[in-house]
Amino acid sequence: MSTSFELLAQARRMPLVAILRGLVPAEAEAVGAALVESGFRTLEVPLNRPGALECIAVLARRLPADAIVGGGTMLTVADVEAVHAAGGRLMVSPNCDTAVIRRAVELGMLAAPGVATPTEAFAALQAGAHALKLFPAEMVGQGGLKALKSVLPSGTEFWPVGGITPESMGPWKKAGATGFGIGSQLFAPGNTAKQVLQRGRAYVQAWQQA
């Protein structure tokens with residue numbers, strides 16, 4: 001089994017996280033395969049929709065070994081344990097809960113909690129977070145990211161989430177983003193695997209050119 005830091009090294013090779021809110025189990029394999037074909041390797045299924053754990057189990061079982069699958073909107077230690085039991089290796093949350101972060105780290109998961117302030121960012125890192133989800137990115141802004149980067153340890157991973165488009169990735173990267181979480185602009189319920197493939201390719205190309 002991969003360690004947390006091996007997972008982080010994997011994620012850094014293509015640090016784009018597909019946020020699959022509303023994915024249903026019957027479509028999980030096809031959507032996951034389309035994302036992998038487009039170049040994505042990290043997939044998050046938020047837990048605040050029905051069928052999320054089943055989707056995580058399908059993706060973890062069916063996707064290539066270099067894909068990192070996990071849960072989003074993970075708010076409790078019980079959420080962490082449920083996602084881990086389903087085969088998930090990624091913990092993403094919208095907030096900074098140190099107990100949730102520590103449990104994910106204990107289980108060898110890649111922990112990417114949500115932060116929006118220096119207090120949250122330092123607390124998350126102290127609890128063992130491997131990357132920080134900047135959320136909501138639209139509210140914090142690129143100036144806010146630059147300010148956070150100026151006081152946090154060098155090399156801190158920052159993944160803005162919220163309203164990220166292929167066109168906005170370059171400016172965010174210049175501000176200090178080291179990856180991104182991409183939601184409804186990439187996948188929304190009702191999208192076909194072909195649509196997801198096309199959108200995924202656009203994001204991967206934009207990241208490579210940023």
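How much space lies in the largest pocket? The answer is about 260 Å³. A pocket here is an open set of points on a 1 Å grid over the protein atoms alone, with protein on both sides within 12 Å along at least five of seven lines. Grid points are joined across faces, edges and corners, and a volume is the space filled by probe spheres set on the points.

The model is predicted: local features need pLDDT of at least 70 and side-chain atom pairs count only at pLDDT 80 or more, while totals for chains, interfaces and linings use all residues. Residues are numbered from 1 along each chain as its sequence is written, and side-chain values use heavy atoms, with hydrogens and water left out.

The lining of the largest pocket consists of 18 residues, and Ile19, Arg21, Val161, Gly183 and Ser184 lie nearest its centre. A residue belongs to a lining if it has an atom within 4 Å of a point. By class, nine of the pocket's lining residues are nonpolar, seven polar and two charged. In this scheme Ala, Val, Leu, Ile, Met, Phe, Trp, Tyr, Cys and Pro count as nonpolar, Asp, Glu, Lys and Arg as charged, and the others, Gly among them, as polar.

Rolling a probe the size of a water molecule over the atoms shows where empty space is left. A cavity is a set of grid points where a 1.4 Å probe fits but cannot get out. Searching the whole structure gives one cavity of 30 Å³ or more, and the largest cavity has a volume of about 50 Å³. Its lining is made up of Val17, Ile19, Glu44, Val92, Lys133, Trp159, Val161, Phe180 and Gly181. Six of these residues are nonpolar, one is polar and two are charged. At least two lining residues come from each of strand S1 (16-19) and strand S9 (180-182). Strands (E, at least two residues) and helices (H or I, at least four) are DSSP runs, numbered from the N terminus.

Strands also form a sheet. Strands of a sheet pair through backbone hydrogen bonds, either parallel or antiparallel. Here three strands make an open sheet in the order S6-S7-S8, with parallel pairing. Strand S6 (114-115) and strand S8 (158-160) are at the edges with a single partner strand each, so one side of each has no neighbour in the sheet. Two strands count as paired if DSSP finds at least two bridges between them, and S6 is joined to strand S7 (residues 132-134) over two bridges in the parallel sense. Valine 115 stands opposite leucine 134 in S7.

Charged side chains make further links. Side chains of opposite charge can pair when their charged atoms come close. With a salt bridge taken as a side-chain nitrogen of Lys or Arg within 4 Å of a carboxyl oxygen of Asp or Glu, the count is six. One of them joins arginine 41 to aspartate 66, with the closest N and O atoms 3.0 Å apart. Arginine 41 is in the loop between helix H2 (25-38) and strand S2 (42-46), and aspartate 66 is in the loop between helix H3 (52-62) and strand S3 (68-72), 25 residues apart. Arginine 41 is partly exposed at 24% relative accessible area, as is aspartate 66 at 37%. Buried means under 20% relative accessible area, exposed over 50%, and partly exposed in between (1.4 Å probe, protein chains only).

Aspartate 66 has another contact: its backbone oxygen lies 3.2 Å from a polar atom of the glutamine 10 side chain. Glutamine 10 is in helix H1 (residues 4-13) and is buried, at 14% relative accessibility. Arginine 13, also in helix H1, is exposed at 64%.

Another salt bridge, at 3.0 Å from N to O, is formed by arginine 103 and glutamate 81. Arginine 103 is in helix H5 (residues 98-106) and glutamate 81 in helix H4 (residues 77-85), so the pair connects parts 22 residues apart in sequence. Arginine 103 also meets glutamate 106 in a salt bridge (3.0 Å, N to O). Both of these residues lie in helix H5, three residues apart, about one turn of the helix. Glutamate 106 is exposed, with a relative accessible area of 58%. Through shared partners, salt bridges join Glu81, Arg103 and Glu106 into one network.

Notes
Polar contact = N/O pair within 3.5 Å; in protein donor to acceptor, adjacent residues only side chain to side chain.
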